[in-house]
Structures are given as C-alpha cells and as structure tokens.
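The entries below are kept in the order in which I checked things.

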Amino acid sequence: MRNPDLSFYGSDAQRALLQRGADLHTITRDQKHLTYYGRTVGVASIDDAPLSTMLALARLQGNSNIADVADADMPDLKSTVREQCFSPVHYAKWKGGREAIDLARATIADYDLPSAYRLEWLDPRSSAALRQALADTCLSCSVLPPSLAVLSGETQPGVCAIALHASGTVAGCAAAASFLHPEHPDGRAVCWWGMLAVHPDHRGQALSLYLGAEAIVEMHNRYGFATFFTGVEPGNAPSEAICARMGLAREGRSILGAADASLIPGGRMTK
C-alpha cells in the first residue's frame with residue numbers, strides 16, 4: 001500500500017485537505033456533474049449543479065469550486081459565498097485547443113534545455129526523493145501540488161513534466177490532469193493544465209514556457225485530450241502572459257472557489 005506521504009504534500013492543514021478531497025472522490029467518482037484533479041471535489045459548471053452543491057462540498061472538504069461560471073454572474077455568486085461564511089476566490093478561466101497544442105509543439109522544437117537540466121516525467125515508480133523535491137519547488141512558489149497519484153497517471157489521466165537540475169533540485173514543473181467524469185460531454189476532451197512553478201534559483205530561462213508546453217503535448221499524445229484550461233487570478237500579468245503565449249484565451253468564463261478559512265489558513269488552497 002502506498003505511503004500517503006508520497007501523494008500529499010504541504011502543511012498539515014493542506015495535506016488534510018487533499019486527503020479529504022481524495023476520500024470524497026472515492027465516494028462521488030461516479031457523479032458526472034462533479035470534478036476532481038487531485039485537490040478537492042468540485043462542480044463542473046453552474047449549469048451542472050447549483051451553487052448550494054458546491055457550498056455543501058466546501059463544508060465537507062474545507063474547499064470546493066465551480067469550474068465554469070459566466071463572468072457576469074461572479075459578483076452575485078461571490079456575495080452569496082460570503083453570506084455563507086466562506087472566503088470566495090475568483091480565477092479567470094483561460095482555455096485553448098488546437099492552437100495551444102500547435103504552439104506547444106513549436107515551443108518544444110525551438111527550445112534547447114540547458115545541459116545542467118534533464119526532463120523527467122513523474123510516474124508511479126518515481127522515488128520519494130524526487131516527489132519531495134517536486135513538492136518543495138511547488139511550495140516555494142506558493143503552489144499546492146495536487147495528489148501525485150493523479151499527476152503520475154496512477155489513478156486517472158495525468159502528467160507532470162519536471163526539469164531536474166544536476167544537483168537534484170527540481171528547477172521547475174508543469175502538469176495536466178483529467179478533471180471531469182469520462183462520460184461527461186467534455187470528459188475525454190477537456191483537461192486541467194497548470195502547476196507552473198520554477199524554483200527561485202532557476203528563473204530567467206523560460207522553463208515555465210517549455211515545461212508547460214511539454215505537459216500539453218504529453219497529455220494530448222498520451223491520453224488524447226484536445227482542450228486545456230487553467231485558472232488565473234485577475235491581474236496576475238506574468239501568468240496571463242504565459243497563457244497567451246501558449247495559445248490559451250479568455251472566453252468570458254471564470255472559476256469560483258469557496259474556502260473555509262477555519263480549515264485553510266488564509267482562506268486559499270493555492271496560489
């Protein structure tokens with residue numbers, strides 16, 4: 001049996017949150033309107049289930065989200081979340097398809113990974129040392145890594161690209177994972193993409209762009225996913241610039257999160 005510490009990383013509160021998400025997913029995984037990509041169980045869209053469903057999930061886990069909401073509906077929904085004593089989190093949704101895949105392939109073709117680094121892929125056999133180094137880099141960038149059992153492809157379609165420095169440090173990473181039930185209309189086409197993080201000592205070499213491209217191409221080649229989305233806090237110019245360079249664009253949709261600040265210090269699950 002896998003040591004749970006090899007899948008969940010972060011503070012005690014964050015690991016407990018990820019464990020609750022994984023446990024709830026084992027119970028709800030047959031529900032086509034729910035989502036999971038290694039953090040917590042959420043709702044696919046406001047059309048799939050009402051806000052009350054997401055709030056119930058947040059009460060059980062400490063955090064949840066609705067992955068697809070019209071931008072115009074966000075102010076009212078955020079107000080309702082506050083009224084229910086949760087901390088609302090708004091991520092602008094960036095999405096890309098064929099153009100993103102083509103640009104990712106071009107990025108990989110044009111990029112020369114410096115000789116001090118090698119590309120690694122997380123897999124179910126990856127060592128505890130590599131997993132810890134991956135988590136350390138993510139957490140140094142205030143990014144909470146989803147369950148590594150998901151990102152390794154062990155429990156559902158998922159990939160994680162790692163730039164490993166000769167010193168053993170994970171210089172950077174990027175990931176993608178399925179998040180919808182496979183029988184949802186978009187379940188085999190649309191996936192989550194993100195977790196772009198670069199260790200502070202290894203910045204300035206376009207590693208995020210390269211690793212983000214590798215994650216897109218690998219997720220498409222290995223599992224057939226053709227559409228990628230991510231959430232960016234409005235006003236985060238560096239993340240917006242990377243999304244634009246990767247062929248992702250805004251389509252007037254957002255992601256609404258709800259966090260229980262008593263269970264998640266600061267009221268946020270991740271950056």
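**Ground rules.** I am working with a predicted model, so to speak of local features I need pLDDT of at least 70, side-chain atom pairs count only at pLDDT 80 or more, and totals for chains, interfaces and linings use all residues. I number residues from 1 along each chain as its sequence is written, and side-chain values use heavy atoms, with hydrogens and water left out.

A pocket here is an open set of points on a 1 Å grid over the protein atoms alone, where a 1.4 Å probe fits, with protein on both sides within 12 Å along at least five of seven lines. Lining residues have an atom within 4 Å of a point.

I then listed the lining, which holds 45 residues, with V143, L196, G231, S239 and K271 nearest the centre of the pocket. By class I noted 25 nonpolar, 14 polar and six charged residues. Nonpolar covers Ala, Val, Leu, Ile, Met, Phe, Trp, Tyr, Cys and Pro, charged covers Asp, Glu, Lys and Arg, and the others, Gly among them, are polar.

Which element gives the largest share of the lining? Strand 8 does, with seven residues. Elements that each supply at least two residues include strand 3 (63–70), strand 4 (87–96), strand 8 (190–198) and strand 9 (227–232). Helices (H or I, at least four residues) and strands (E, at least two) are DSSP runs, numbered from the N terminus.

**Strand 9.** I checked burial next (buried is under 20% relative accessible area, exposed over 50%, partly exposed in between, with a 1.4 Å probe and protein chains only). Five of the six residues of strand 9 are buried, so this strand is largely enclosed by the rest of the structure. For pairing I require at least two DSSP bridges between two strands. Strand 9 pairs with strand 4 in the antiparallel sense over five bridges, and K93 stands opposite G231. Strand 8 runs parallel to strand 9 and is joined to it by three bridges, with C191 opposite F228.

**Helix 2.** I found L51, M54, L55, L57, A58 and Q61 buried in helix 2 (residues 51–61). They lie on the same side of helix 2, because they cover an arc of only 160 degrees around the axis. I take the arc from the directions from the helix axis to the C-beta atoms. Among the elements covering these residues are helix 1 (12–28), helix 3 (74–83), strand 3 and strand 10. Just after the helix, G62 has a positive phi of about 100 degrees.

**Single residues.** Contact in these entries means heavy atoms within 4.5 Å.

- N65 lies in strand 3 and is buried at 12% relative accessible area. Residues up to four places away in sequence aside, I found N65 touching G42, V43, M54, I255, L256 and G257.
- V170 is in strand 7 (residues 170–178) and is buried at 0%. Its contacts beyond four places in sequence include L130, A133, I162 and H199. I also noted 27 Å between the C-alpha atoms of V170 and K95, 75 residues apart along the chain.
- T107 sits in helix 4 (residues 98–110) and is buried at 17%. Residues up to four places away aside, T107 touches L209, Y210 and A213.
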